[in-house]
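Subject: Structure handover and notes

Dear colleague,

Please find below the sequence and structure that I am handing over to you.

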Amino acid sequence: MLVNVEMHNLSEQTRRRFSLQIGVVCSTSPDQCEKLISILREETAKIPLCQVARSCMTGIGASSFDFEVVCDVQSGSFDDYFRFGLRPVSTS
């Protein structure tokens, strides 16, 4: 045996996860930051077949406040996934 790990057949998945990062200038107020989290969640939920997993602030960069929205495309088809120009994220 070469490796002792569990293998997953990606073609059998029923959903695909993606992540979208956005940064806003550091002069953005706390109220605007809080509202941005809601906007990211609401607008991303409008994408067909998309279910939002989380939307949150992820950190403070050199010149920005950083946010992320993570969603699941409710389809096992790579065509549906890549149609939105999405990039995969780790689910582990």
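What follows covers the sheet and its helix, then the salt bridges, and finally the cysteines.

Please bear in mind that this is a predicted model, in which local features need pLDDT of at least 70 and side-chain atom pairs count only at pLDDT 80 or more, whereas totals for chains, interfaces and linings use all residues. Residues are numbered from 1 along each chain as its sequence is written, and side-chain values use heavy atoms, with hydrogens and water left out.

The sheet is open and is formed by three strands in the order 1-3-2, with antiparallel pairing; helices (H or I, at least four residues) and strands (E, at least two) are DSSP runs, numbered from the N terminus, and two strands are taken to pair if DSSP finds at least two bridges between them. Strand 1 and strand 2 are the edge strands, each of them pairing on one side only. On average, and with direction ignored, neighbouring strands of this sheet are turned by 20° against each other. Helix 1 (residues 30-44) packs on the sheet and touches strand 1, strand 2 and strand 3, where contact means heavy atoms within 4.5 Å. The direction of helix 1 makes about 155° with that of strand 2; for such angles, axes are lines fitted to C-alpha atoms, for helices over the stretch in contact, and the values run from 0 to 180 degrees between N-to-C directions.

Strand 2 (residues 50-60) and strand 3 (residues 64-73) pair in the antiparallel sense over nine bridges, and the two form a hairpin with three residues between them. Within this pairing, Arg 54 has Val 70 of strand 3 as its bridge partner, while Cys 56 has Glu 68 of strand 3.

With a salt bridge defined as a side-chain nitrogen of Lys or Arg within 4 Å of a carboxyl oxygen of Asp or Glu, the count comes to four. Asp 72 takes part in a network of salt bridges that links it with Arg 15 and Arg 17. The closest N and O atoms are 3.1 Å apart in the pair of Asp 72 and Arg 15, a pair that links distant parts of the chain, since Asp 72 is in strand 3 and Arg 15 in the segment before strand 1 (16-25), 57 residues apart. Between Arg 17 and Asp 72, the closest N and O atoms are 2.7 Å apart; Arg 17 lies in strand 1 and Asp 72 in strand 3, so this pair ties together parts that are 55 residues apart in sequence. Asp 72 counts as buried at 7% relative accessibility, whereas Arg 15, at 36%, counts as partly exposed (buried means under 20% relative accessible area, exposed over 50%, and partly exposed in between, with a 1.4 Å probe and protein chains only).

A further salt bridge joins the side chains of Arg 54 and Glu 68 at 3.8 Å, N to O, and it ties strand 2 to strand 3 across 14 residues of sequence. Here Arg 54 is partly exposed at 39% relative accessibility, and Glu 68 is buried at 15%.

As for the cysteines, the structure holds zero disulfides, a disulfide being a pair of cysteine sulfur atoms within 2.5 Å. Cys 71 is in no disulfide, and the nearest cysteine sulfur, that of Cys 50, is 3.7 Å away. Cys 71 is buried, with a relative accessible area of 0%, whereas Cys 56 is partly exposed at 26%.
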